[in-house]
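Student: I would like a close look at one part of this protein. Please take me through that part and the sheets around it.

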Amino acid sequence: MKKFLALFTVAAMLFACEEPVPETTLSLDNEADATLNLSTDAVSKVVTFSTNAAWTAAADVEWITVTPAEGVAGTALELTIAVAENEAYEGRAGKVTITAAEKSVEIAVAQGQVDEVNVGDLEVLYVGYAGGEVELPVNHNIDYTVTSDADWAVVGGTRALTTTKTVVNVHHGYSAGTGIEHAQQRRYT
């Protein structure tokens with residue numbers, strides 16, 4: 001019985017001496033890497049981080065890839081975030097999440113738009129011998145300036161009513177017609 005009690009005491013002491021599990025740590029080495037603003041090109045950016053636990057990394061959109069997707073604890077760990085070329089006329093956004101145990105860090109990724117100013121299929125503007133005004137249809141998603149290097153063609157402002165298109169994004173669960181109708185009612189009453 002004394003041997004059993006001695007073994008029990010030694011076992012209890014061994015378990016009592018176990019070190020507590022440390023709290024998980026996870027942080028970007030450079031806080032500026034929490035937001036990446038990238039060009040329209042297919043580019044990649046290396047981000048370093050540190051953690052004391054096994055980790056995973058994933059993107060929430062298909063145009064962002066993350067390499068490697070998982071790893072073990074360490075310091076100055078490297079994560080390559082690559083984006084596909086953006087050929088659209090508007091920018092886009094996504095995020096990469098690094099997770100280690102119960103901790104996570106998000107990296108916001110924004111990619112620029114293709115800037116465009118063009119006159120569509122227009123190749124030639126015809127003006128009669130007596131001269132006159134012509135309208136130049138311009139498709140654009142950025143500000144632009146029109147100039148002329150000929151003294152016989154002067155760029156001027158519009159004299160007629162101009163119509164522009166405004167995009168209204170309506171969140172799920174709301175009626176687009178309701179807000180517009182109220183705005184029209186206030187304007188005309």
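Where is the place of T24?

Tutor: T24 sits in the loop between α1 (2-16) and β1 (26-28). Such labels come from DSSP runs, numbered from the N terminus: helices are H or I runs of at least four residues, and strands are E runs of at least two.

A word on the source. This is a predicted model, in which local features need pLDDT of at least 70, side-chain atom pairs count only at pLDDT 80 or more, and totals for chains, interfaces and linings use all residues. Residues are numbered from 1 along each chain as its sequence is written, and side-chain values use heavy atoms, with hydrogens and water left out.

Back to T24. Its relative accessibility is 10%, so T24 counts as buried. Buried means under 20% relative accessible area, exposed over 50%, and partly exposed in between (1.4 Å probe, protein chains only).

Which residues does T24 touch? Leaving aside neighbours within four places in sequence, T24 is in contact with T51, N52, A53, A100, A101, E102 and K103. Contact means heavy atoms within 4.5 Å. With E102 there is also a polar contact, side chain to side chain, at 3.5 Å. A polar contact is a pair of N or O atoms within 3.5 Å; within protein, one must be able to donate a hydrogen and the other to accept it, and residues adjacent in sequence count only if both atoms are side-chain atoms.

Now the sheets. Strands of a sheet pair through backbone hydrogen bonds, either parallel or antiparallel. Here, two strands pair if DSSP finds at least two bridges between them.

β5 meets β7 (residues 74-83) through four antiparallel bridges. There, I64 has V83 as its bridge partner.

Another open sheet has five strands, ordered β2-β9-β8-β4-β6, and its pairing is mixed. β2 (35-38) and β6 stand at the edges with a single partner strand each, so one side of each is left without a neighbour in the sheet. β2 runs parallel to β9 (residues 103-111), joined by four bridges. L36 is bridged to V109 in β9. β4 and β8 (residues 92-100) run antiparallel, with five bridges. T56 stands opposite T99 in β8. β4 (residues 55-59) also pairs with β6 (residues 70-71), antiparallel, over two bridges. In that pair, W55 has G71 as its partner.
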